[in-house]
Amino acid sequence: MSYSVIRPLFAAMALMAATPAFAAGDVAHPKQQQWAFDGVFGTFDKPSIQRGLQVYKEVCAACHGLDRVAFRTLTGVGFSEAEVKSLAASYDVQDGPNDVGEMFTRPGQPSDKFPNPYANDNMARAMNNGALPPDLSLIVKARPDGANYLFSLLTGYSDAPKGFELPEGSYYNKYFPGGVIKMPPPLSADQVTYQDGTHATVEQEARDLVNFLQWAAEPEMEDRKHMGIKVMIFLLVMVGFFYVAKKRIWNNIEH
Ligand code: HEC
């Protein structure tokens, strides 16, 4: 095969590699928000995380699991052991096998993780128009610019632009790749009643959820950042120390 024949082939291959599965123009850039957990000195906004748990529990948990989060870790965001115990007990957890080899359900305990709403993925798909609602434990880390993406997705539903063909059972959301998502808009104003009196707008609910899911994805973030700062301070002190030591040693040597 001569080069002139191969060249268009190479060009086509390069183009295929460069083109993502959906056209890049199809997805909007996430709205950039300010978060308490941003930056080197970022911390968790615990009241917001607690409200986010409430939104997850009352809205998202109907379709999404949180398989990697154990109830007992919630003491880290300000819940008492008694609150954690009663929250865990409000869930039915499958356990077993028992002495006669059968699985059984029992009330949840603090060491259990949030149980999945569906028995398996096929059941989840069957109940959601063929789409699988992903587990939310690590979703903030699993998407680029996860926190801003999640906030934008939850607040980004709108009518489809004129001429846009929306398939049956789908919704328009410009932040979702391709613009067509099978999750019905989950949030509306006053969908939850916050105990601390915070006004539950859609934006507020989304913010609280993002704070909650950011914590769920990396509960040890604050420790990691504190350790980083300590290490930097230690290194700075050592640089000063070695500088003085070097000066003293080389001072007496002629050069
Ligand atoms: C009625 C069921 C239902 C509820 C309630 C629901 N979701 Fe979903 N969700 C879905 C389905 C189905 C999908 C998959 C959509 C698709 O692939 O088209 C999904 C997808 C997602 C995704 C993944 C988007 C991506 O980038 O892949 C996120 C994040 C998400 N939901 C968050 C939430 C949050 C947060 C809540 C609560 C406020 C919530 N969902 C409530 C059904 C639901």
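Colleague: What should I know before I start?
Modeller: The model is predicted, so to speak of local features we need pLDDT of at least 70, side-chain atom pairs count only at pLDDT 80 or more, and totals for chains, interfaces and linings use all residues. Residues are numbered from 1 along each chain as its sequence is written, and side-chain values use heavy atoms, with hydrogens and water left out.

Colleague: Thanks! How many aromatic pairs are there by the rule?
Modeller: The count is 10 aromatic pairs. Rings of Phe, Tyr and Trp (its six-membered ring) pair if their centres lie within 6.5 Å; planes under 30 degrees apart are stacked, over 60 edge-to-face, and the rest tilted.

Colleague: Why is the pair of W35 and F151 edge-to-face?
Modeller: Because their planes are at 75°, with the ring centres 6.0 Å apart.

Colleague: Where do those two sit in the chain?
Modeller: W35 is in the loop between α1 (3-18) and α2 (46-58), while F151 belongs to helix α6 (residues 146-155). They are 116 residues apart, so the pair links distant parts of the chain. Helices (H or I, at least four residues) and strands (E, at least two) are DSSP runs, numbered from the N terminus.

Colleague: Is W35 buried or exposed?
Modeller: W35 counts as buried, at 7% relative accessibility. F151 is buried too, at 3%. Buried means under 20% relative accessible area, exposed over 50%, and partly exposed in between (1.4 Å probe, protein chains only).

Colleague: And what about F71 and Y91?
Modeller: Their ring centres are 5.3 Å apart and their planes at 40°, so this pair is tilted.

Colleague: Which ring does R207 lie over?
Modeller: R207 lies over the face of W35, at 4.4 Å from the ring centre. A charge sits over a ring if NZ of Lys or CZ of Arg is within 6 Å of the ring centre and within 35 degrees of the ring normal.

Colleague: New topic: where is N128?
Modeller: N128 is in the loop between α4 (121-126) and α5 (139-142).

Colleague: What does its side chain reach?
Modeller: The N128 side chain reaches the backbone oxygen of A124 at 2.8 Å, and a polar contact of 3.0 Å joins it to the side chain of Y118. A polar contact is a pair of N or O atoms within 3.5 Å; within protein, one must be able to donate a hydrogen and the other to accept it, and residues adjacent in sequence count only if both atoms are side-chain atoms.
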